[in-house]
Amino acid sequence: MRISAHAVCTAIRDDIVSGVLPPGARLAEEQLAQRYGVSRVPVREALRTLESEGFVTSRRHAGACVAQPGEREAADLLDVRALLEPLGAARAAQRRTEAHLKVLRGLVRLGRQRAGQGQESDLRSLGDWFHETVAQATCSPGLTTMLVQLRRKITWLYAGEPVSRAVVLWQERGALVDAIARGDAERARALSAAQLERSTPARKQTRTGAVRSPKPAVNTVRGQI
């Protein structure tokens with residue numbers, strides 16, 4: 001079965017965000033094709049997409065490598081998030097479907113449970129899924145894409161919330177879902193903005209250059225609602 005460039009793009013992006021492919025690491029097409037078990041064609045397409053998203057840079061005669069955002073660029077991402085995420089929450093309150101609400105409520109229930117148990121590894125993926133679902137609930141493809149890409153970059157560059165605050169964080173997310181369910185756009189906007197003001201993520205300390213051991217297969221892509 002032919003693996004799509006989209007799936008390869010997701011796999012490479014996930015490896016960049018998780019640090020498997022660190023900032024500055026060279027991204028040779030042939031090596032990536034072997035790593036993910038594909039031909040060079042979908043790898044080439046994936047690298048073009050990732051370059052447009054800001055995860056990859058390409059230099060003439062040097063090829064592609066994982067981007068190395070500076071402190072100013074990283075700080076700008078937080079400022080952009082402070083503007084976009086409250087807007088996304090407000091739009092979600094106005095446009096969400098019952099399917100979105102069902103997923104969001106289920107995620108809050110699981111998040112509260114895992115936070116109470118201190119299961120840190122599950123909390124990150126649940127949080128990512130929560131924010132992707134809020135983004136999808138805007139029912140605006142352009143806004144959804146911007147919100148999801150922004151979150152991915154912040155996850156890449158910044159450490160997550162400490163486990164000690166996870167219980168409160170999921171309570172805040174529950175309150176946001178309640179506002180979205182009521183269709184209260186201004187309340188959803190205010191809750192999202194307040195949560196971001198209380199969050200001061202620390203920049204990750206990353207090593208450059210050394211690529212970790214390869215994964216056995218291409219990552220799967222979470223289905224859209």
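**A loop residue and the helices beyond it**

Guide: C139 is partly exposed, with a relative accessible area of 44%. Partly exposed is the range between buried, under 20% relative accessible area, and exposed, over 50% (1.4 Å probe, protein chains only). C139 sits in the loop between α6 and α7. Its phi is positive, about 55°, although C139 is not a glycine.

A word on the model before we go on. It is a predicted one: local features need pLDDT of at least 70, side-chain atom pairs count only at pLDDT 80 or more, and totals for chains, interfaces and linings use all residues. Residues are numbered from 1 along each chain as its sequence is written, and side-chain values use heavy atoms, with hydrogens and water left out.

Now the setting. The chain has nine helices and two strands. Helices (H or I, at least four residues) and strands (E, at least two) are DSSP runs, numbered from the N terminus. Along the sequence the pattern reads α-α-α-β-β-α-α-α-α-α-α. Of the 225 residues in the chain, 45% are buried. Take the contacts with a separation of 6 or more: residues 24 or more positions apart account for 79% of them. Contact means heavy atoms within 4.5 Å.

What does α4 do with α7? Their axes come within 10 Å and cross at roughly 140°. Axes are lines fitted to C-alpha atoms, for helices over the stretch in contact, and angles run from 0 to 180 degrees between N-to-C directions. So α4 and α7 are oblique to each other. Angles under 35 degrees count as roughly parallel, over 145 as roughly antiparallel, 65 to 115 as roughly perpendicular, and the rest as oblique. The crossing of α4 and α7 is left-handed. That word applies if the near helix is turned anticlockwise from the far one by less than a right angle; clockwise would be right-handed.

From α4 they include L77, L84, R81 and E85. From α7 they include M146, L150, R151 and K153. The residues of this contact divide into twelve nonpolar, one polar and five charged. Here Ala, Val, Leu, Ile, Met, Phe, Trp, Tyr, Cys and Pro count as nonpolar, Asp, Glu, Lys and Arg as charged, and the others, Gly among them, as polar.

R13, I16 and V17 of α1 make the contact with R152, T155 and W156 of α7. These residues divide into three nonpolar, one polar and two charged.

Is R13 buried or exposed? At 6% relative accessibility, R13 counts as buried. Leave aside neighbours within four places in sequence, and R13 is in contact with L50, E53, F55 and R152.

Back to α4, which has another partner in α8. The axes of α4 and α8 come within 6 Å and cross at roughly 45°. So α4 and α8 are oblique to each other. A89, A92 and A93 in α4 meet L176, A179 and I180 in α8. The residues of this contact are six nonpolar, no polar and no charged.

Helix α8 has 17 residues, 166–182. At 1.5 Å a residue, α8 should span 24 Å, and its end C-alpha atoms are 25 Å apart, which agrees. The expected span is 1.5 Å times one less than the number of residues. Among the buried residues of α8 are W170, E172, R173 and L176. What covers the buried residues of α8 includes α4 (71–95), α5 (98–117), α6 (120–136) and α9 (185–198). Just after α8, G183 takes a positive phi of about 75°.
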